[in-house]
Amino acid sequence: MALSDFVSQLDQLIADAKNAFEEVGDIASLEETRVEFLGAKNGRLKAAQKLMGTVDKADKPTAGKKFNEVKQTIEAAFQSKKELLGDPAAAKKSGATFDPTLPGVKFRLGRLHPITQTIEELKDIMGRLGFSVADGPEIEDDWHNFEALNIPHEHPARDPLDNFYLGTANANTGGDKPLLLRSQTSTVQIRVMESTPPPIRIISLGRVYRPDTADATHYPMFHQMEGLLIDRSVTMADLKSVLRLFAVSYLGGDVSIRFRPSFFPFTEPSVEADYFWNDTWVEFGGAGMVDPNVLRAVGYDPEEVTGFAFGLGVERLCMRRHGITDIREFYKNDVRFLEQF
Ligand code: DAH
């Protein structure tokens, strides 16, 4: 075959291939066109390669060079069409149809943890009752976690088996008093009273830590809502009204709650508050009238002011509200659980 014939056949092949890839509108016809031109067995390029064998020997180098150019051009036409079809925006431009029945791109929307949501709601409810929010550190000293709360040295609440002690504070932080992860948010009562004169009406929400074995109702870290109200002539009736109002606002108007006499070193008298759920009474917190010793420890005059305090378990409230029966669900980080809130 003469070189000129071979070249003109190749030119025709390029023109046909370019046209064909240009017209392709979807992946299936792209593949058909690829097989037609670039198919390893019966593709038209393969046929052209065979023809090259018939070109005069002297012209072979020129023919070979031309053939390689053609091959590269056709492969490039195929590649660019392939990329175009892979990109929906580009595919649209090339005339490919948009398929509205395909599933859309899913947005995975984040959300707040149920306990965070509960905390926000509790702040909201207590805010309407006139309580503002106070905060305190999770690493505490002996004074704020025990001493100022009228918990004496030999009291079992200080037992190392019931607390996460962190070793002792060094000279920088003040002497050799032990530090611990706070076991209760009552610490914040002391901090607020130390820095603020009465009257006081605060809540504080945060984490507390106790070395309990995790089971359906216990976890070594959980949240409490502490409340403190100090003023002139505050009585137990005020405490019970506030807790009842709170319980009704959070758990609903039909909730039954009761108060049982109890003991806490930092309140006198003391009560425990229960709500009724699943045929049993469930304790949701402790409360009482602030002990005069506590008022004295922070420099208040118990003859001048009185007050009440309470500490409620946030998880337990949230569990009752949503019918959750195992506290561990909160901290498994299982999105199938978390996504429901
Ligand atoms: N701090 C107590 C606890 O962790 C709960 C508590 C009881 C807090 C009575 C109070 C209170 O403020 O008055 O079990």
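Predicted model: local features only at pLDDT ≥ 70, side-chain atom pairs only at ≥ 80, totals over all residues.
Residues are numbered from 1 along each chain as its sequence is written, and side-chain values use heavy atoms, with hydrogens and water left out.

The protein chain is divided into domain 1 (3-94) and domain 2 (114-338), with bounds from an automatic or database domain assignment. The centres of the two domains, taken over C-alpha atoms, are 78 Å apart.

The ligand is surrounded by 15 residues, a residue being counted if one of its heavy atoms lies within 4 Å of the molecule. The closest are Q184, Q189, R210, Q224 and E226. By class, the shell comprises 5 nonpolar, 8 polar and 2 charged residues; Ala, Val, Leu, Ile, Met, Phe, Trp, Tyr, Cys and Pro count as nonpolar, Asp, Glu, Lys and Arg as charged, and the others, Gly among them, as polar. Helix 8 (186-195), strand 6 (221-231), strand 9 (280-290) and strand 10 (306-313) each contribute at least two shell residues; these elements are DSSP runs numbered from the N terminus (helices H or I, at least four residues; strands E, at least two).

Polar contacts are pairs of N or O atoms within 3.5 Å. An N or O atom in the side chain of Q189 is 2.9 Å from an oxygen atom of the ligand, and a polar side-chain atom of Q224 is 2.9 Å from a ligand oxygen atom. At A309, a backbone N or O atom lies 3.1 Å from an oxygen atom of the ligand. Of the 350 Å² of accessible area that the ligand has on its own, the protein covers 91% (Shrake-Rupley method, 1.4 Å probe).

Methods:
Polar contact = N/O pair within 3.5 Å; in protein donor to acceptor, adjacent residues only side chain to side chain.
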